[in-house]
Amino acid sequence: MPRASGEDYLEAVLILGQRMGQVRAIDVSQYLGCAKTSVSHGLRLLRQGGFLTREADSYLYLTEAGRETAEKLYAKRRFFTQWLIEAGVAPDTAEKDACRMEHAISEESFRKLMQALEHPQETP
């Protein structure tokens, strides 16, 4: 599993790919507001880890493992953002906090939290 910054890069490739179709390193850098050199280094590590590929045309593509990881992370972010906004948190703050929460929570805790919120009567 990539570190938090790598997870952000994967998520950015997923989101930008949905919006634009094709994604380059510069797109990820601009989207995240990070230096291109930092993003290039992180993306290289993700390629070496089997999460991304970069074709001769310089476009980035998620591998199956990369897509699975990015989709899980993005689901967590959307979940936490929605709940924070519904609790009265300002959308910008909710988005920033949700980003931190998605990296910190384990899969087990996230799954249990979702189950508890979907079926509160079954929670111990």
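1. The crossing of α2 and α3 is right-handed, a crossing being left-handed if the near helix is turned anticlockwise from the far one by less than a right angle, and right-handed if clockwise. Helix α2 covers residues 25-32 and helix α3 residues 36-48, and the two pack at an angle of about 120° with their axes 9 Å apart. Helices (H or I, at least four residues) and strands (E, at least two) are DSSP runs, numbered from the N terminus; axes are lines fitted to C-alpha atoms, for helices over the stretch in contact, and angles run from 0 to 180 degrees between N-to-C directions. The helices α2 and α3 are therefore oblique to each other, given that angles under 35 degrees count as roughly parallel, over 145 as roughly antiparallel, 65 to 115 as roughly perpendicular and the rest as oblique.

2. This is a predicted model, in which local features need pLDDT of at least 70 and side-chain atom pairs count only at pLDDT 80 or more, while totals for chains, interfaces and linings use all residues. Residues are numbered from 1 along each chain as its sequence is written, and side-chain values use heavy atoms, with hydrogens and water left out.

3. Which residues of α2 meet α3? Ala25, Ile26, Val28 and Ser29 do so, and their partners in α3 are Lys36, Val39 and Leu43, where contact means heavy atoms within 4.5 Å. By class, this contact of α2 with α3 has five nonpolar, one polar and one charged residues (Ala, Val, Leu, Ile, Met, Phe, Trp, Tyr, Cys and Pro count as nonpolar, Asp, Glu, Lys and Arg as charged, and the others, Gly among them, as polar).

4. Asp27, which also lies in helix α2, is buried at a relative accessible area of 9%; buried means under 20% relative accessible area, exposed over 50%, and partly exposed in between (1.4 Å probe, protein chains only). When its neighbours within four places in sequence are left aside, Asp27 is in contact with Leu16, Met20 and Gln22.

5. Helix α1 (residues 4-20) packs on α4 at an angle of about 90°, with the axes 9 Å apart, and the two are therefore roughly perpendicular to each other. The contact of α1 with α4 comprises six nonpolar, three polar and six charged residues; among them are Glu7, Asp8 and Glu11 in α1 and Arg67, Glu71 and Arg77 in α4.

6. A search of the whole structure finds four aromatic pairs, which require ring centres within 6.5 Å for Phe, Tyr and Trp (its six-membered ring), with planes under 30 degrees apart counted as stacked, over 60 as edge-to-face and the rest as tilted. The rings of Phe79 and Phe80 have centres 5.2 Å apart and planes at 75°, so this pair is edge-to-face. Phe80 and Phe110 form a tilted pair, 5.8 Å centre to centre with 55° between the planes, and this pair links Phe80 in helix α4 (residues 64-86) to Phe110 in helix α6 (residues 107-118), 30 residues apart. Phe80 is buried at 6% relative accessible area, as is Phe110 at 7%, and ring pairs link Phe79, Phe80, Trp83 and Phe110 into a cluster.

7. Ser58, in the loop between β1 (52-54) and β2 (60-62), deserves a check, having a positive phi of about 75° although it is not a glycine; at 36% relative accessibility, Ser58 counts as partly exposed. Ala56 is placed in the loop between β1 and β2 and is exposed, with a relative accessible area of 89%.
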